[in-house]
Amino acid sequence: MTAPASGKLIIVSNRLPFVLKKNEQTQKWERKASAGGLVTAVAPVVVQGNGLWIGWAGVHLEDGEKIPESDPNDTTPTAGLRSDRVIPVDFDPQTFDSYYNGCCNGTFWPLFHSMPDRAQFSADSWKSYCAVNKEFASKTVGALENLSREDTDSGTPLVWLHDYHLMLAANSIRNAADEKNLKFKLGFFLHIPFPPWDIFRLFPWADEILQGMLGCDMVGFHIEDYCLNFVDCCQRRLGCRVDRKNLLVEHGGRTVRIRPLPIGIPFDRFVEMAEQAPTVISTSLQLVLGVDRLDYTKGLVHRLKAFELLLERYPQHRGKVALMQIAVPSRTDVKEYQDLKEEMDQLVGRINGRFTTPNWSPIRYIYGCVSQNDLAAFYRDSAVAMVTPLRDGMNLVAKEFVACQIKEPPGVLIVSPFAGAGEMMHEALICNPYELVEAADILHRALTMPEDERMLRMRCLRRREKIHDVDYWMRSFLKAMGTLIFEDGDDVLP
Ligand code: ADP
Ligand code: G6P
C-alpha cells in the first residue's frame with residue numbers, strides 16, 4: 001500500500017478507533033478496540049499514513065491524563081496508532097449523552113435507515129448536537145494550526161469528516177480556518193444510507209443538515225442511490241441548482257461534488273488471518289454464521305425466525321446444521337437496543353427449547369466481541385454467512401466473510417438487497433429478510449448448493465473484493481477530492 005504523506009490527513013470522527021478502559025489493578029488507562037465499519041475501514045489507513053485522528057475516547061480524561069500507547073500485542077486494525085497522533089475530544093457527560101444517545105442514535109440512526117417510527121425528535125438533543133459539532137470543529141482548526149511546516153509544505157492538508165455524528169462541523173471549520181488563513185481541503189463520508197426525500201423531510205432541522213454537509217468540497221456515500229437521495233433533498237429543500245448526471249450541487253457560490261465511493265475491507269489482511277487462525281470450533285455440523293452489532297437494523301430477529309422456519313420446513317437439517325450468531329453489544333444505553341437484547345434472549349431460548357436434542361442445539365449465541373483472529377476462523381469455517389440487514393449503508397461482514405473463504409469448496413454468502421453490499425455482490429444469494437419463508441428456502445438452497453456453483457460464485461465475489469479493497473476506497477476518495485497526498489506519486493484510479 002502506498003502511504004499518505006506524514007501528518008497531512010486529519011480524520012475527524014465521533015469515535016476514536018478505541019475506547020479507554022481503566023485497568024482495575026494498575027489504575028492505568030488501556031485501549032480497547034471499537035467495533036464497527038468505520039473504524040475497521042479507516043484505522044489501517046491512518047496508521048500506515050501517520051495521519052491524525054480527532055475523536056471521543058469513550059471516557060472523560062482528567063487534566064494531565066494522556067492517551068496510552070497501544071499494547072505491543074495488539075492485533076486490531078489500530079495497533080501502532082501513536083498517541084501523539086490522537087487528539088481526544090471531551091464533553092460533559094450530559095451534553096454527550098444528549099448528543100450521542102439522543103440525537104445520533106435516537107434520531108439520525110433510525111431516520112437515515114428509513115425507520116422513522118423508531119426516531120425521536122427533541123430540541124434539546126439537537127442543541128447538544130450543534131454544540132458538540134462546534135467543539136469538534138474547534139479541535140480540528142487547532143490541529144490545522146499545529147501542523148508543522150513539513151506537513152504543509154508537501155501539499156494541502158485534507159480534513160476528512162466521518163459519518164452522521166458530524167454533519168454540522170464543516171461550516172464552523174471553514175469559517176474559523178478562513179479567519180486564520182489556513183489552507184486545507186474538506187471532505188465528508190457518510191457510512192450509513194442517506195434516506196429518500198420523503199423520509200429526510202421528517203427531520204425538523206433538515207435545512208441545517210444539508211447546509212452543513214454542503215460546507216465540504218466533496219461528499220461521499222457508499223452507493224449511487226444515496227447520492228441521488230442527497231442531491232434530491234438539496235434541490236427540493238434548499239432549492240439548490242443540481243446536476244444529477246455529474247452529481248454536482250451548487251450552494252453558497254461553490255460547487256460541491258457528490259460521489260458514490262463503496263467502501264472495501266483490508267482484503268489481504270483477512271486472507272492472511274484466515275490462513276493462520278487456529279480452528280475455534282471443531283464440529284461436523286454445517287455452520288450458518290451471523291456477525292453483527294446488536295442493532296435493530298441488522299435483521300437479527302428476522303434471521304432467527306427464518307432459521308426456525310428452515311428447521312420446520314426442511315427437517316433433514318435438524319441435527320446437522322447450527323446457526324452461530326455473534327452479536328457485539330452496542331449502544332446499550334438506548335432503550336431500543338435494550339429491548340432488542342431482551343427479544344433476542346427470549347427468541348434464542350424459545351427456538352433452542354423447541355428443537356434441542358440431547359446431542360444437538362440449533363442456535364449458538366455469543367453476546368460479545370470476538371478477536372479478529374477468531375472472527376477470521378469463524379468466517380473461514382462456516383458453510384453459509386447470513387448477512388440480512390433490514391437496511392445497512394454497506395455491511396463489511398459480507399466482505400470479510402468472502403475474503404476468508406480460502407477453503408475449497410467454499411461457503412455461500414446470503415445477502416440482503418437492502419444493504420449497500422447487496423447492490424454489488426451480485427453472485428451472492430440475494431434474500432429479502434422480511435420474506436421469512438423465502439429466506440428459509442434460500443438458506444436451504446445455500447446449504448445444499450453444489451460445489452461447482454459455490455466455487456464459481458465465490459471466485460467472482462472474491463475477485464471483486466480483492467480489487468475494490470479499503471486501499472482502493474481510500475485512493476478513490478483522495479482522487480475524488482483532488483488531493484494528491486500519496487508519496488509514490490502513482491496515479492490512483494484507472
Ligand atoms: P456496522 O458498521 O453497522 O457495525 P459493518 O458490518 O459494516 O456494520 O461493520 C461491522 C464491523 O464490526 C466489521 O468489521 C466486523 O468485523 C466487526 N464486528 C461485528 N461484530 C463483531 C463481533 N461480534 N466481534 C468482533 N467484531 C465484530
Ligand atoms: C456504524 C457507524 C459508525 C459507528 C459504528 C459503531 O458503523 O457508521 O459511525 O462508529 O456503527 O457504533 P457506535 O455508536 O458504537 O460508535
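Predicted model: local features only at pLDDT ≥ 70, side-chain atom pairs only at ≥ 80, totals over all residues.
One open sheet is built from six strands in the order 14-13-12-15-16-17, and the pairing is parallel. Its edge strands are strand 14 (363-367) and strand 17 (429-430), each of which pairs on one side only. Inside the order, strand 12 (residues 286-293) and strand 15 (residues 384-387) are joined in the parallel sense by two bridges. Leu289 stands opposite Ala385 of strand 15.

Helix 10 (residues 300-313) packs on this sheet and touches strand 12, strand 13 and strand 15. The direction of helix 10 makes about 165° with that of strand 12. Helix 15 (residues 436-447) lies across strand 12, strand 13, strand 15, strand 16 and strand 17. Helix 15 runs at about 165° to strand 16.

## Helix 15 and its buried face

Helix 15 has twelve residues, and the distance from its first C-alpha to its last is 16 Å, close to the 16 Å expected at 1.5 Å a residue. Which residues of helix 15 are buried? They are Ala439, Ala440, Ile442, Leu443 and Ala446. Seen down the helix axis, the buried residues fall within an arc of 160°, so they line one face of helix 15. The cover over these buried residues includes strand 12, helix 10, strand 15, strand 16 and strand 17.

A second open sheet has nine strands in the order 5-4-1-6-7-8-11-10-9, with mixed pairing. Strand 5 (86-88) and strand 9 (242-243) stand at the edges with a single partner strand each, so one side of each has no neighbour in the sheet. Strand 5 runs parallel to strand 4 (residues 52-56), and three bridges join the two. One bridge partner pair here is Gly55 with Pro88 of strand 5. Helix 8 (residues 224-238) packs on the sheet, where it touches strand 8 (218-221), strand 9, strand 10 (248-251) and strand 11 (254-260). The direction of helix 8 makes about 150° with that of strand 11.

Strands of a sheet pair through backbone hydrogen bonds, either parallel or antiparallel. Strand 11 shows both kinds of pairing: parallel with strand 8, over four bridges, and antiparallel with strand 10, also over four bridges.

## The nonpolar core

The largest nonpolar core has 151 residues. Leu413, Ile414 and Leu443 have the most contacts inside it. Helix 2 (residues 93-112) gives the most to this core, with nine residues.

Leaving aside residues up to four places away in sequence, what does Ile414 touch? Its contacts include Val384, Ala385, Met386 and Val387. Ile442, Leu443 and Ala446 are also among them, and these three are buried residues of helix 15.

Most residues other than glycine have a negative phi, and most peptide bonds are trans. Asp163 has a positive phi of about 75° although it is not a glycine. Asp163 sits in the loop between strand 6 (158-162) and helix 5 (169-179). Is Asp163 buried or exposed? Asp163 is buried, because 21 other C-beta atoms lie within 10 Å and the cut-off is 20 or more.

Arg331, also not a glycine, has a positive phi of about 45°. The loop between strand 13 (321-328) and helix 11 (335-355) holds Arg331. With 19 other C-beta atoms within 10 Å, Arg331 counts as partly exposed. The peptide bond from Glu408 to Pro409 is cis, with omega near -5°. Pro409 belongs to the loop between helix 13 (396-403) and strand 16 (412-415).

## Met458

Met458 is found in helix 16 (residues 451-467). Met458 is buried, with 22 other C-beta atoms within 10 Å. Beyond residues up to four places away in sequence, Met458 touches Val402, Gln405 and Pro410. Met458 and Pro410 are 48 residues apart along the chain, yet their C-alpha atoms are separated by 6.9 Å.

Definitions and conventions: Residues numbered from 1 in each chain as written. Chains lettered and ligands numbered in written order. Core = buried A, V, L, I, M, F, W, Y, C linked by C-beta atoms within 7 Å. Buried ≥ 20, exposed ≤ 12 C-beta atoms within 10 Å, placed from the backbone. Contact = placed C-beta atoms within 7 Å. Pairing = 2+ DSSP bridges. Axes fitted to C-alpha atoms, helices over the stretch in contact; angles between N-to-C directions. Expected span 1.5 Å × (residues − 1). Arc of directions from axis to C-beta.
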